[in-house]
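Please study the sequence and the model before reading each solution.

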Amino acid sequence: MTQPFILSPRYRLDDDSPWLEGIDPSRHYWIAINGDPDIQVAIPGLTVSSLKEWKQSIRRFRSLQPGARMEVVRIANTLTIECISANCYAIATEIDGAVVWHLFDQEALESLLMTAHPDWLCAPRDIELGRQRLARSWEQVAA
């Protein structure tokens, strides 16, 4: 059995590699690692309760300077966005027991954060991603 060699590229909206699988109703960003749909991660995204909170969060993100962090607190977990350098942001996740850094340019990450807008609706096909996440959580509880 071979271990996958995972490199996280810098995700951009104009990438040729299809890295964004979808965004489920709970604002999880489904990313295909290295464009491989068999190796996916669901990154918890920004959720807000009001338009005012959404605007504040977007402003906080836009004001990040290199070396600064922004924490996105959710009920079950916290997402940390790190500003690595101008136009380069990192989010760390764990895949197969290893920490993997997902690098985004500002436009790509801001586009994901924009889905926290109270009026945003996910694509109908992305509802199934939320169901998959729920099914996985039930499997983990049973194990």
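**Exercise 1.** Determine whether Glu-110 counts as buried or exposed.

*Solution.* The model is a predicted one. Buried means under 20% relative accessible area. Glu-110 has a relative accessibility of 14%, so Glu-110 counts as buried.

**Exercise 2.** Identify the residue with which Arg-62 forms a salt bridge, and locate both partners in the chain.

*Solution.* Step one: the partner of Arg-62 is Glu-110, and their closest N and O atoms are 2.9 Å apart. Step two: Arg-62 belongs to helix H1 (residues 51-62), while Glu-110 belongs to helix H2 (residues 106-114). The two residues are 48 residues apart, and the pair links distant parts of the chain. Step three: Arg-62 is partly exposed, its relative accessible area being 48%.

**Exercise 3.** Explain which parts of the chain are tied together by the salt bridge between Glu-82 and Arg-69.

*Solution.* Step one: the side chains of these residues, Glu-82 and Arg-69, meet at 3.4 Å, N to O. Step two: Glu-82 lies in strand S6 (residues 78-85) and Arg-69 in strand S5 (residues 69-73), so the pair ties together parts 13 residues apart in sequence. Step three: Glu-82 is buried at 16% relative accessible area, whereas Arg-69 is exposed at 56%.

**Exercise 4.** State how many salt bridges the structure holds, and describe the one formed by Arg-125.

*Solution.* Step one: the structure holds three salt bridges. Step two: Arg-125 pairs with Asp-126, with the closest N and O atoms 3.0 Å apart. Step three: Arg-125 counts as exposed at 58% relative accessibility, whereas Asp-126 is buried, with a relative accessible area of 6%.

Technical notes: Residues numbered from 1 in each chain as written. Predicted model: local features only at pLDDT ≥ 70, side-chain atom pairs only at ≥ 80, totals over all residues. Heavy atoms only, no water. Salt bridge = Lys/Arg side-chain N within 4 Å of Asp/Glu carboxyl O. Helix = DSSP H or I, 4+ residues; strand = E, 2+ residues; numbered from the N terminus. Buried < 20%, exposed > 50% of the residue type's maximum accessible area, 1.4 Å probe, protein only.
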